[in-house]
Amino acid sequence: MYLIAYDVIDNKRRYKIKNIAYSYALGGQKSAVEAEIDKREVLELARKLSAKMDLEIDKVHIIKVEKFIYLRSAKEITYKNGDIIIW
């Protein structure tokens, strides 16, 4: 599983980056998408994205996620002092 997050200032470039990222995505929200892809596809994705980016100002992060906690809509969270809460 990979998380693809992007921060692109120019609307035209952002639209192109979004379309490429979402073509690999399982789902996502705004500027971050999840993709179940292999190493070959990651390299292909990176090549496609970098071709559309302004490498001086745009940012794209492709992060491998080995383990994750999936939270939908928690009604109540119980925690102890020092726990980290992801909301």
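The chain contains two helices and four strands, taken as DSSP runs (H or I of at least four residues for helices, E of at least two for strands) numbered from the N terminus. Along the sequence they come in the order β-α-β-β-α-β. The model is predicted, with local features needing pLDDT of at least 70 and side-chain atom pairs counted only at pLDDT 80 or more, while totals for chains, interfaces and linings use all residues. Residues are numbered from 1 along each chain as its sequence is written, and side-chain values use heavy atoms, leaving out hydrogens and water.

Of the 87 residues, 21% are buried, that is, under 20% relative accessible area with a 1.4 Å probe, protein chains only. The largest nonpolar core has 15 residues; such a core is a set of buried Ala, Val, Leu, Ile, Met, Phe, Trp, Tyr and Cys residues joined through side-chain atoms within 4.5 Å. Strand S1 (2-7), helix H1 (11-23), strand S3 (32-35) and H2 each put in at least two residues of this core. Ile37 is among the residues with the most contacts inside it. Leaving out residues up to four places away in sequence, Ile37 touches Tyr2, Tyr24, Val42 and Leu45 (contact: heavy atoms within 4.5 Å).

Then there is Asp58, in the loop between helix H2 (39-52) and strand S4 (59-64). Asp58 counts as buried because its relative accessibility is 5%. Its side chain makes a polar contact of 2.7 Å with that of Arg13 (a pair of N or O atoms within 3.5 Å, within protein one able to donate a hydrogen and the other to accept it, with residues adjacent in sequence counted only if both atoms are side-chain atoms). A polar atom of the Asp58 side chain also lies 2.8 Å from the backbone nitrogen of Asp54.

Key:
Buried < 20%, exposed > 50% of the residue type's maximum accessible area, 1.4 Å probe, protein only.
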